[in-house]
Amino acid sequence: MVLNFAENAVILRVEDIYVAFGGVQAIEGVDFEVRQGELSAIIGPNGAGKTTLLNCINGFYKPQQGRIYFQGRDISNLSPDKRACLGIGRAFQGIQVYQNMTVLDTIMSGRHVLMKTNPVQAAIYWPWAHKEEVAHRKVAEDIIDFLEIEGIRKKIIGELSYGLRKRVDLARVLALEPKVLILDEPMAGMNLEEKEDIARFILDIQEFQGIPIVLVEHDMEVVMDIAQRVIVIDQGKVIAEGTPTEIRGNHAVIRAYLGEG
Ligand SMILES: Nc1ncnc2c1ncn2[C@@H]1O[C@H](COP(=O)(O)OP(=O)(O)OP(=O)(O)O)[C@@H](O)[C@H]1O
Ligand SMILES: [Mg+2]
């Protein structure tokens, strides 16, 4: 019997994690899986614990309890850099990219975890260092083409609109050649046109590059439109999980958003 595990294989598993900040229990026993090729969305009211969950996945926070597995390996004790190196790509809710860097340099910074040659060697242009640099530039240029940011590649981040900065942050994460892409409110603060652009890029990344995506987003219309699976978190717990249609009619979800009981 031949079983095709590739399609539905679990690539990332969060197992029963707990995170507390002082007296605040931000995450309380969350289980969560990311499957190969899937676009899953995490939604929930402000302060529900969404960003905290993402911070546990990429290693910024260490849960007090629970484990995290990536491609079958327990990564619970690995640093954020090591996790990035393994392919956990994380874009941020706020703008964390360096204000004074150019767009191209920012994207190249995303590749640094993958670079074998150190920057000093690269600077003196040893032949192999040069060759490696050229290969890295090519990847960066491909991403620039894909995200349609040719026109701003030499611009300083600080000069860009909020929407474009978020797009450059996405480019930075793609430069890492992620095996899973984690996006924390990639459309926050964008106008409708910018949102539509980002939604299209996200779908293209999933469909053509086959990268599974975890999307935290407050814009319900976008979530219901592009996600295949929705996980709802409220007060640190998963209160519902299902297809967009199932979630739309879920009473616990409606209650959580209306702030009742
Ligand atoms: N570093 C921290 N120190 C103390 N408390 C924190 C920290 N990070 C998060 N919290 C608290 O944990 C809870 C969950 O916060 P989190 O940022 O994960 O929510 P969220 O679902 O991402 O909200 P939003 O939709 O507003 O981004 C909140 O009560 C928050 O105040
Ligand atoms: Mg958040």
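This is a predicted model: local features need pLDDT of at least 70, side-chain atom pairs count only at pLDDT 80 or more; totals for chains, interfaces and linings use all residues.

Residues are numbered from 1 along each chain as its sequence is written, chains are lettered from A and ligands numbered from 1 in the order in which they are written, and side-chain values use heavy atoms, with hydrogens and water left out.

**The whole chain.** Select the protein chain: 47% of its 261 residues count as buried. Colour the chain by secondary structure to see 10 helices and 10 strands; these are DSSP runs, helices being H or I of at least four residues and strands E of at least two, numbered from the N terminus.

Select aspartate 16, which lies in strand β1 (residues 10-21). Aspartate 16 is partly exposed, with a relative accessible area of 33%, and its phi is near 50°, a positive value in a residue other than glycine. Most residues other than glycine have a negative phi.

Which order do the strands of the open sheet follow? Its 6 strands run β6-β7-β8-β3-β9-β10, with mixed pairing, where two strands pair if DSSP finds at least two bridges between them. β6 and β10 (237-242) stand at the edges with a single partner strand each, so one side of each has no neighbour in the sheet. From one strand to the next the twist averages 20°. Now select β3 (residues 39-43) and β8 (residues 213-216), which pair in the parallel sense over 4 bridges. Alanine 41 stands opposite leucine 215 in β8.

**Helices across the sheet.** Show helix α7 (residues 192-209), which lies across β3, β7 (180-184) and β8 and runs at about 160° to β8. Angles run from 0 to 180 degrees between N-to-C directions, and axes are lines fitted to C-alpha atoms, for helices over the stretch in contact. Contact means heavy atoms within 4.5 Å. Helix α10 (residues 251-258) lies across β3, β9 (229-234) and β10, at about 130° to β10.

**Glutamate 38.** Select this residue in the loop between β2 (24-35) and β3. Is glutamate 38 buried or exposed? It is buried, with a relative accessible area of 13%. Neighbours within four places in sequence aside, glutamate 38 is in contact with Gln206, Pro212, Ile213, Gln228 and Arg229.

**The largest pocket.** On a 1 Å grid over the protein atoms alone, a pocket is an open set of points with protein on both sides within 12 Å along at least five of seven lines, a cavity is a set where a 1.4 Å probe fits but cannot get out, and lining residues have an atom within 4 Å of a point. The largest pocket is lined by 21 residues, and Asp81, Arg90, Phe92, Arg172 and Leu176 lie nearest its centre. The elements giving two or more residues to this lining are α2 (80-86), β6 (88-91), α3 (103-109) and α6 (162-174).

Key: Buried means under 20% relative accessible area, exposed over 50%, partly exposed in between (1.4 Å probe, protein chains only).
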